[in-house]
Amino acid sequence: MSYRAPVKDMLFLMKELADIDAVAALPGFDDAGYDTAAAVLEECARFNEGVVAPLNWTGDQQPSSFKAGVVTTTPGFKQAFRQFAEGGWQGLQHPVEFGGQGLPKLIGAACGEIVNSANMSFALCPLLTDGAIEAMLTAGTPEQQATFIPKMVDGAWTGTMNLTEPQAGSDLSMVRTRAEPQPDGSYKLFGTKIYITYGEHDMADNIVHLVLARVVGAPEGVKGISLFICPKFTLNADGTPGARNDVHCVSIEHKLGIKASPTAVLAFGAHGGEGLNGEGAVATLLGQENRGLEYMFIMMNAARFGVGMQGVALAERAYQKAVQYARDRVQSRPVDGSVKAAAPIIHHPDVRRMLMTMRAHTEGCRAMAMVAAAAFDAAHAHPDAEVRQQNQAFYEFMVPLVKGLSTEMSQEVASLGVQVHGGMGFIEETGAAQYLRDAKILTIYEGTTAIQANDLVGRKTARDGGQVAKAIAAQIAGTEAALAARSSADCQAMARRLGAGRQAFLDAVDFVAGNTRARPNAVFAGSVPYLMLSGTVMCGWQMARALMVAEDRLAEGRDVEFMKAKIATARFYGDHILNKATALRDSIVDGSEAVTALALEAF
Ligand SMILES: Cc1cc2nc3c(=O)[nH]c(=O)nc-3n(C[C@H](O)[C@H](O)[C@H](O)COP(=O)(O)OP(=O)(O)OC[C@H]3O[C@@H](n4cnc5c(N)ncnc54)[C@H](O)[C@@H]3O)c2cc1C
């Protein structure tokens with residue numbers, strides 16, 4: 001079955017929860033209201049369903065390949081990327097002055113989901129390019145911006161993010177790539193980067209590598225890391241690609257999933273000799289020396305949000321496939337006797353439970369991400385500084401949740417997708433297994449789930465004593481009161497679930513804020529459960545808001561089937577997912593000792 005973008009749900013969330021009209025009222029987003037969003041999403045869906053999605057399976061079967069330093073992407077990718085670029089999709093969220101369309105992140109996030117559902121391996125190239133553009137917009141000189149950004153926005157060149165080295169993965173303070181200053185103000189890079197997504201490929205005329213490296217003599221640790229722009233082809237005076245730079249692809253990895261996305265080992269400064277004694281890769285400094293990690297974090301926040309959307313995207317695709325199979329596969333008589341013979345498995349309550357779990361997780365995480373995206377837009381464009389600051393704090397709290405929870409849940413959803421298929425799910429030809437294999441990377445790159453949880457505990461909770469978290473909890477209490485004031489059984493039940501979830505969240509926030517300094521092991525033993533709890537409550541909150549809107553629209557007789565489904569899905573979220581918040585709270589607050597009780601030598 002081909003993929004169908006969930007445009008209706010996206011537009012519902014944009015309008016009713018993320019208030020796209022308020023976003024459109026912000027300076028700079030004049031045309032970006034509901035109608036624009038609807039038109040953009042329809043077109044995005046048409047392109048990705050028709051051109052990009054059919055290449056997903058091809059990519060799994062015919063991964064990108066490597067021969068003598070050259071990477072050839074999956075057949076069809078190059079042409080599809082050309083169409084993607086010509087359609088203006090790379091520039092969707094980027095400033096008009098650089099050739100972009102300047103649309104809000106709210107619309108960009110939805111389009112990001114669509115292209116990733118269609119084909120995650122393909123979508124990684126634009127995702128990394130977006131991150132590189134973001135870093136240049138933040139730290140680049142006007143000349144650097146004018147030289148690189150328009151070419152990347154129009155898809156002629158693509159971008160990469162070169163952080164990881166063999167000894168420096170989660171811990172970037174261990175980066176060793178060396179930058180030697182040159183008399184003309186440029187630098188030469190020497191070192192090896194591993195796992196570089198689209199580090200080498202044949203889809204663009206140039207590849208702009210953003211590279212973390214250490215200037216000779218710089219301080220040890222994170223304070224001595226700088227960020228560099230290092231193009232595959234150095235630029236001629238007129239800005240066109242010139243000589244081949246001394247950055248070369250040594251190999252690409254053979255992987256569990258996302259096989260079409262080339263994951264490169266890149267050698268900087270190795271050309272013409274053994275080891276790293278080549279001429280050096282010519283690079284220019286981006287921003288100031290020794291502030292590289294700071295800039296990289298800006299880029300990583302964008303990329304982390306993007307990876308969270310990949311989680312939603314993958315879950316949506318796995319869900320659609322499972323529903324299709326559940327309608328077709330005939331097996332066993334339904335327990336309620338509603339069909340007298342063997343019936344499609346969708347009749348069985350347990351299959352329905354699996355499908356509802358998949359659906360509720362996906363819709364919940366999508367809603368959380370959309371609301372976060374709208375906050376990002378307000379944080380950047382709102383005229384009032386205080387409102388900007390509040391939205392920024394909210395957005396920063398949400399980024400590890402969008403990344404951490406959406407990607408973890410995508411694995412559960414993709415696994416359920418295989419389960420719905422029974423034995424056929426385990427057989428590659430069905431395609432359900434590909435989603436499970438592809439999903440696994442999402443909890444690893446752009447910072448593992450543990451690294452997201454560390455961010456949530458350290459920077460986002462302990463640092464301000466839990467203030468932002470508590471301010472969000474106060475907003476949730478408002479939603480609870482609104483639910484409680486309604487008479488329907490769904491709202492009453494959801495009010496209770498949300499109340500219990502909020503209390504569990506507050507207990508965990510107090511525990512984290514109160515103990516991170518004094519008892520770090522106790523807090524970090526529960527850091528991932530704390531992330532899961534926080535994210536689940538945020539999703540439950542959005543599902544509760546959606547429930548109330550859906551009741552109102554239903555009462556008006558609008559979109560009856562859609563609204564009924566939204567109500568049922570929200571109620572399911574409350575009764576089957578949000579209710580887990582209290583158990584997570586217990587693990588965090590009461591269960592930490594058990595995590596570290598076993599002596600290291602006893603493992
Ligand atoms: C397919 C693929 C594509 C990638 N693309 C890119 C790319 O484009 N650019 C790039 O620079 N990198 C890229 N990466 C690298 C990726 O970001 C790293 O693999 C990731 O950050 C984890 O680092 P690591 O593999 O060294 O694992 P490690 O850091 O060795 O982690 C191993 C385990 O230890 C845990 N751990 C480590 N430190 C802590 C801690 N402080 N607290 C709790 N737990 C901890 C981790 O959570 C994990 O479970 C890619 C990787 C892959 C596989």
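**Entry 1: the domains**

I reminded myself before starting that this is a predicted model. I looked up how the chain is divided and found domain 1 (7-153), domain 2 (157-290) and domain 3 (464-603). Next I checked domain 1 against domain 2, and their C-alpha centres lie 24 Å apart. I also looked at who touches whom: 32 residues of domain 1 are in contact with 29 residues of domain 2.

Which elements supply at least two residues of the side of domain 1 that touches domain 2? I listed α4 (55-61), β2 (70-72), α5 (77-86), α7 (120-139) and α8 (142-153). The largest share comes from α7, with 13 residues. Sorting that side of domain 1 by class gave me 17 nonpolar, 12 polar and three charged residues.

**Entry 2: helix α1**

I moved to α1, which covers residues 7-17. Its buried residues are Asp9, Met10, Phe12, Leu13, Met14 and Leu17. I then asked what these buried residues of α1 pack against. My list reads α2 (20-24), α3 (34-52), α6 (105-118), α10 (349-381) and α18. I also noted that aspartate 19, which follows α1, has a positive phi, near 50°.

**Entry 3: helix α15**

Then I looked up which residues of α15 are buried, and I wrote down Ala469, Ile472, Ile476, Thr479, Glu480 and Leu483. They sit on the same side of α15 because they cover an arc of only 105° around the axis. On the face turned away from that buried side I found the exposed residues Ala474, Gln475, Gly478 and Ala481. The partners of the buried residues of α15 are α11 (385-420), α14 (449-462), α16 (489-515) and α18 (527-555).

**Entry 4: around the ligand**

How many residues surround the ligand? I found 19, and the closest are Leu163, Gly169, Ser170, Thr197 and Thr448. The elements that give two or more residues to this shell are β3 (157-162), β5 (187-197) and α14. By class, I put down nine nonpolar, nine polar and one charged for the shell.

Key
Residues numbered from 1 in each chain as written. Predicted model: local features only at pLDDT ≥ 70, side-chain atom pairs only at ≥ 80, totals over all residues. Domains from an automatic or database assignment. Contact = placed C-beta atoms within 7 Å. Helix = DSSP H or I, 4+ residues; strand = E, 2+ residues; numbered from the N terminus. Nonpolar A, V, L, I, M, F, W, Y, C, P; charged D, E, K, R; others polar. Buried ≥ 20, exposed ≤ 12 C-beta atoms within 10 Å, placed from the backbone. Arc of directions from axis to C-beta. Near = placed C-beta within 6 Å.
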